[in-house]
Amino acid sequence: MQKKFLPIAAFILLHLLVKAQTDNELYPIDTIPKLPSFIITDPREVLKHDGELITVQGCVVRAVLKEQVKGKPVFLDMFVAFPNNILTVAIWEENQAQFLPAAAYHQKMVRVTGRAKKKTFVQPGKASQERVTISLHNPRQITILGDCQK
């Protein structure tokens, strides 16, 4: 009787272990965000990734708190300053307490990860321009790598 029970018990235990590893309800694979597999260093390249989770590395050439704008964002212009910039990183008022002050990012080489949101801006008398904004919600989305190269 004991010899017959042992293989059945082993089979049941093995089945339960396999089921526990493959039917994990806590973290379904399709809900885990995939991090970008490359780092964008060309500002024009960000225009090709609207709606995607991207990582961009570059120099913050302008860092300013815009108190007159709704949401009182800190804008970090990367590569080129406004109004000629293609990429702006935004830190909105509700998240700013978690981040360094705007001045701490000025003229720093940074790496940011976030969702690219492309918009077309039209200024009277000028050609329309596409720009991308990445909004930061957590300080882990930005890393200061050092000073910008002159």
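**Fold, core and pocket: questions and answers**

Reader: Leaving aside neighbours within four places in sequence, which residues is Val-112 in contact with?
Author: This is a predicted model. Neighbours within four places in sequence are set aside here. The contacts of Val-112 are then Ile-54, Thr-55, Val-56, Met-78, Val-89, Ile-134, Leu-136, Gln-141 and Ile-142.

Reader: Which residues touch the most other members of the largest nonpolar core?
Author: This core has 23 residues. Elements that give it two or more residues are β1, β2, β3 (87-91), β4 and β5. The members that touch the most others are Val-56 and Val-112.

Reader: Is Thr-55 buried or exposed?
Author: Thr-55 sits in strand β1, which spans residues 53-65. Its relative accessible area is 8%. The cut-off for buried is under 20%. Because 8% falls under that cut-off, Thr-55 counts as buried.

Reader: With which side chain does the side chain of Thr-55 make a polar contact?
Author: Not counting residues up to four places away in sequence, Thr-55 touches Pro-36, Phe-38, Ile-39, Ile-40, Arg-111, Val-112 and Thr-113. One of these also makes a polar contact with the Thr-55 side chain, at 2.7 Å. That partner is the side chain of Thr-113.

Reader: What is the volume of the largest pocket?
Author: The pocket has a lining of 19 residues. Nearest its centre lie Phe-75, Thr-88, Trp-92, Thr-133 and Ser-135. Its volume is about 460 Å³.

Reader: Which element gives the most to the lining of the largest pocket?
Author: Elements that give two or more residues to this lining are β2 (74-78), β4 (108-121) and β5 (129-136). The top contribution is five residues. It comes from β4.

Reader: What percentage of the residues in the chain is buried?
Author: The chain has 150 residues. A residue is buried when its relative accessible area is under 20%. Buried residues make up 27%.

Reader: What share of the contacts with a separation of 6 or more comes from residues 24 or more positions apart?
Author: Take the contacts in the chain with a separation of 6 or more. Residues 24 or more positions apart account for 55%.

Notes: Residues are numbered from 1 along each chain as its sequence is written. This is a predicted model: local features need pLDDT of at least 70, side-chain atom pairs count only at pLDDT 80 or more; totals for chains, interfaces and linings use all residues. Side-chain values use heavy atoms; hydrogens and water are left out. On a 1 Å grid over the protein atoms alone, a cavity is a set of points where a 1.4 Å probe fits but cannot get out, and a pocket is an open set with protein on both sides within 12 Å along at least five of seven lines; lining residues have an atom within 4 Å of a point. Grid points are joined across faces, edges and corners, and a volume is the space filled by probe spheres set on the points. Helices (H or I, at least four residues) and strands (E, at least two) are DSSP runs, numbered from the N terminus. Buried means under 20% relative accessible area, exposed over 50%, partly exposed in between (1.4 Å probe, protein chains only). A polar contact is a pair of N or O atoms within 3.5 Å; within protein, one must be able to donate a hydrogen and the other to accept it, and residues adjacent in sequence count only if both atoms are side-chain atoms. Contact means heavy atoms within 4.5 Å. A nonpolar core is a set of buried Ala, Val, Leu, Ile, Met, Phe, Trp, Tyr and Cys residues joined through side-chain atoms within 4.5 Å.
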